[in-house]
Amino acid sequence: MAMACRGAYTRRLFRAVISPSSSSAPHAIPRNPRTLSSSDSATRCFHDTPARQTDGVFSGLTDGRRRLPWIEAFRRQQAGENVASSESDPGERDMTPKKMSDSYHRVVLPLGRDPGLSDTYINSSGHIRLGTIFMDLDALSGIIVYKHTGPGPTTVTAALDRITIAHPLTEICDLEYSGQVTYASGRSSMEITCRVARAAPEGEASRPEDVLLTCTFTMVALDPATKRPVNVPRLLCDTAEEKAIFRAGEAKALAKREMLKTSLLETEPDDPESALIHKIWLRSLAYHDPTDKRRQPANAIAMSRTVLSTASIMQPQYRNRHQTMIFGGFHLKQTFELAFCCAASFAHARPTFISADPCTFRNPVPVGSVLYLTATIVYTDPPLVDEDGSEPAQRDSSAPLTRIHVRVDSKVRDVEHGHAKPTGQFNYTFSVPRDVRVLPHTYQEFMMYVDARRRVRAGDAQDREEARRRANSQQLRDGAEDDSVTE
């Protein structure tokens, strides 16, 4: 009964606070009249610190559009209004083709010059929080895509390509965020390539060795009223370099469609994978056979014991530009940090990030919903058993190093827990200075193991190709320098 009364009081107080007809200040609760002074007629706040506009995203990553306060967005939502469409320009959209340079955006994050940013960007061990960088990059892609589409459509993050660390930072310094639209055929989807590099002195360009990472977001334009895809201006390519970048984006779009056809949801494991599954299963049986001398090693851990889960309610300060949905960068940050914790819990060592695999945001996460994240160690390299049935050894037993692949499954439920929707699958690879192996048992775990093994092998092949391309580019640069010296 007390809880019911308290809830009724809270609702009355909330209605009083947000009611447009209320003549009292909308931010303050009246205090005891005996404590009021003549200066209390001015606006009062519950805190002394200045209000933050972005909650975890660097303030330079805003596009200048006025953000509707949540209480106003909530009021309109309760009235049945489409909050996203209220911000859209009702005029006719400009579909004139755009250049890549039209959407280019650059922001310097002054980590080296502003120690005050360390609370947001530096972790407890003195390193940069990559999850926060990922969140910033999603915000950067939002600014870039708005430059390309102009006002009108709602743009959402649909996918993210593989991320690797090209050149790790050795010190805390100013960082340069930059990016532009690199593929847009004129349909609803666009590819935005973003880069993080050590900030060069003013007037100088960043060197290749200064680049920390490069990543590509896929954004989709939607009609704010119908939520249906809408066309965007197509991209113009003026130079040979821009044409090559555009063709690469086109090839990636085709490759993604082909990969869906080879997914384990569409096709069964091939013969070598089936044989590997059988060998691992036989090995797990041998571990429990009293007549077999082999016993499960202490460093071989059942996949079911590696699971780490969280549940959190999505608060409005993490919403995107369109008011009622959670910012995709925040979602990505949450999955990354849970994957890090899962890897640390599994290995009992501090993980080092290697890569993030391509991921797709399948459904939006509404404000007020409950986000469930489940992280699982699904593959280790070296593995417990190889294709030939042998047990791979560490290259250096005195200094072991294991790659750990973590899968994070994400789903969202409304707060009443009536409906659940999957929101994406996120895959991260870390390295740890320990010799640890994961052991699947059930059919579902074997499928997760095979899927992760495919991802790791595909990532290795991509890394080799990137290394070959960088070596060729370096040779061309060296040759050009030699020519200039001899002339």
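Helix α8 covers residues 328–347, 20 residues in total, and spans 29 Å from first C-alpha to last, close to the 28 Å expected at 1.5 Å a residue. This is a predicted model, in which local features need pLDDT of at least 70, side-chain atom pairs count only at pLDDT 80 or more, and totals for chains, interfaces and linings use all residues. Residues are numbered from 1 along each chain as its sequence is written, and side-chain values use heavy atoms, with hydrogens and water left out.

Most of α8 is covered, with 14 of its 20 residues buried (under 20% relative accessible area, with a 1.4 Å probe and protein chains only).

The axes of α5 (residues 130–149) and α8 come within 8 Å and cross at roughly 160°. That makes α5 roughly antiparallel to α8 (angles over 145 degrees between N-to-C directions count as such). Here are the residues that make the contact (heavy atoms within 4.5 Å):

| Helix | Residues in the contact |
|---|---|
| α5 | Leu130, Gly131, Thr132, Phe134, Met135, Asp138 |
| α8 | Gly328, Gly329, Phe330, Leu332, Lys333, Phe336 |

Leu140 also sits in helix α5. Leu140 counts as buried because its relative accessibility is 0%. Leaving aside neighbours within four places in sequence, Leu140 is in contact with Leu61, His105, Tyr177, Ser178, Gly179 and Cys194. Leu140 and Leu61 are 79 residues apart in sequence, yet their C-alpha atoms are 6.0 Å apart in space.

Note on methods:
Helix = DSSP H or I, 4+ residues; strand = E, 2+ residues; numbered from the N terminus. Expected span 1.5 Å × (residues − 1). Buried < 20%, exposed > 50% of the residue type's maximum accessible area, 1.4 Å probe, protein only. Axes fitted to C-alpha atoms, helices over the stretch in contact; angles between N-to-C directions. Parallel < 35°, antiparallel > 145°, perpendicular 65-115°, else oblique.
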